[in-house]
Amino acid sequence: ATINPWDVMLCVSGTAIACENAIVVAIICYSPGLRTPMFVLIGSLATADLLAGLGLILNFVFQYVIRSETVSLITVGFLVASFTASVSSLLAITVDRYLSLYNALTYYSERTVLCIHTMLVGTWGVSLCLGLLPVLGWNCLHDYAACSIVRPLTKSNVTLLSASFFLIFIIMLHLYIEICKIVCRHAHQIALQQHFLTASHYVATKKGVSTLAIILGTFGASWLPFAIYCVVGDPDYPSVYTYATLLPATYNSMINPIIYAYRNQEIQRSMWVLFCGCFQSKVSFRSRSPSDV
């Protein structure tokens, strides 16, 4: 069969995603200092994106090398579970950042660790269930009229996934607005204590708010077009529309390591230790709050 250039682009995107996130997973597993809840969540995000990248590669291979309905269902289910875990991990990281500011005094406690572990179990449990739905029969292999723009997923299945995304996006938007309020309130309190707001405090506050806007804007710009098209699109529409909205969604998994991992000083230092040996392995790691990332 003639190879679709869009499938090639998705495969290339998956390869880049897998390589980027494999490095993050290796760094977090290798470095004993990166065991705080914040890095556990970053590791969960990197693992989900790594699996999503591998899923895109496998989807290309099985689509042009091994043609099988069963393999197609398993691959689609794998991709659904991986991308759902990625989006859910982003929500968990947002919740963790909010808790680190809202409950700053009690953040480093066993209760926080329990909360993080609960979010991880919920994230991967729900993702696995959603990924198994097509394999367990919620598909349109034998009913083309029920197909969505992403075959073999049904319209109702895709609608459920889109609704879940919209809910997660709204929750993240609300939490980031609350985080901005807390950051601005802290800056105002510092200004009252020092009788003026220093330039460094103003710059730090502005940088923090800008960073949050970039994070949420990147997430929304990547996934919103595909989520909206899943609801309003029709399988009879040209497939180029599906590819044109799906490809930017995969870029979110490519950008996540840059935003959440490679900008972190501890991960940068661990990267040098792992690949270059420029620092001693016994170097101390300063535990940071999620709000610093």
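This is a predicted model: local features need pLDDT of at least 70, side-chain atom pairs count only at pLDDT 80 or more; totals for chains, interfaces and linings use all residues.
Biologist: What does Phe219 touch?
Modeller: Leaving aside residues up to four places away in sequence, Phe219 touches Val87, Leu90, Phe165, Phe169, Met172 and Asn252. Phe219 also belongs to a cluster linked by ring pairs, together with Phe83, Phe165, Phe166, Phe169, Trp223 and Phe226.

Biologist: How many aromatic pairs are there in the whole structure?
Modeller: A search of the whole structure finds 11 aromatic pairs. One of them is Tyr98 with Tyr102, whose ring centres are 5.3 Å apart and whose planes are at 10°, so this pair is stacked.

Biologist: Where do Tyr98 and Tyr102 lie?
Modeller: Both lie in helix 3, where they are four residues apart, about one turn of the helix.

Biologist: What about Tyr229 and Tyr241, how are their rings placed?
Modeller: The rings of Tyr229 and Tyr241 have their centres 6.4 Å apart and their planes at 85°, so the pair is edge-to-face. Tyr229 lies in helix 6 and Tyr241 in helix 7, so the pair ties together parts that are 12 residues apart in sequence.

Biologist: Why do you call that one edge-to-face?
Modeller: The label follows from the angle, because planes over 60 degrees apart count as edge-to-face, and the planes of Tyr229 and Tyr241 are at 85°. As for accessibility, Tyr229 counts as buried at 11%, while Tyr241 counts as partly exposed at 44%.

Biologist: Changing topic, how many disulfides does the structure hold?
Modeller: The structure holds one disulfide, formed by Cys140 and Cys147, with their sulfur atoms 2.0 Å apart. The torsion about the S-S bond is about 100°, so this disulfide is right-handed.

Biologist: Are Cys140 and Cys147 buried or exposed?
Modeller: Cys140 is buried, with a relative accessible area of 0%, and Cys147 counts as buried too, at 1% relative accessibility. Another cysteine, Cys11, is buried with a relative accessible area of 14%.

Biologist: Where does Ser148 lie?
Modeller: Ser148 lies in the loop between helix 4 and helix 5, and at 5% relative accessibility Ser148 counts as buried.

Biologist: What does the side chain of Ser148 reach?
Modeller: It reaches the backbone nitrogen of Val150 at 3.2 Å, and a polar atom of the Ser148 side chain also lies 2.8 Å from the backbone oxygen of Leu153. Not counting residues up to four places away in sequence, Ser148 touches Leu153, Thr154, Lys155, Val158 and Pro235.

Biologist: Now Tyr262, where is that?
Modeller: Tyr262 is in helix 7. The C-alpha atoms of Tyr262 and Glu20 are separated by 9.7 Å, although these residues are 242 apart along the chain, and the side chain of Tyr262 reaches the backbone oxygen of Glu20 at 2.7 Å.

Biologist: What else does Tyr262 touch?
Modeller: Besides Glu20, Tyr262 touches Ile23, Val24, Pro257, Gln268 and Met271, again not counting residues up to four places away in sequence.

Biologist: How much of residues 240-262 is helix in the model?
Modeller: Over residues 240-262 the chain is 100% helix and 0% strand, with the end C-alpha atoms 33 Å apart. For residues 114-138, the span is 88% helix and 0% strand, and the end C-alpha atoms lie 34 Å apart.

Methods:
Residues are numbered from 1 along each chain as its sequence is written. Side-chain values use heavy atoms; hydrogens and water are left out. Contact means heavy atoms within 4.5 Å. Helices (H or I, at least four residues) and strands (E, at least two) are DSSP runs, numbered from the N terminus. Rings of Phe, Tyr and Trp (its six-membered ring) pair if their centres lie within 6.5 Å; planes under 30 degrees apart count as stacked, over 60 as edge-to-face and the rest as tilted. Buried means under 20% relative accessible area, exposed over 50%, partly exposed in between (1.4 Å probe, protein chains only). A polar contact is a pair of N or O atoms within 3.5 Å; within protein, one must be able to donate a hydrogen and the other to accept it, and residues adjacent in sequence count only if both atoms are side-chain atoms. A disulfide is a pair of cysteine sulfur atoms within 2.5 Å.
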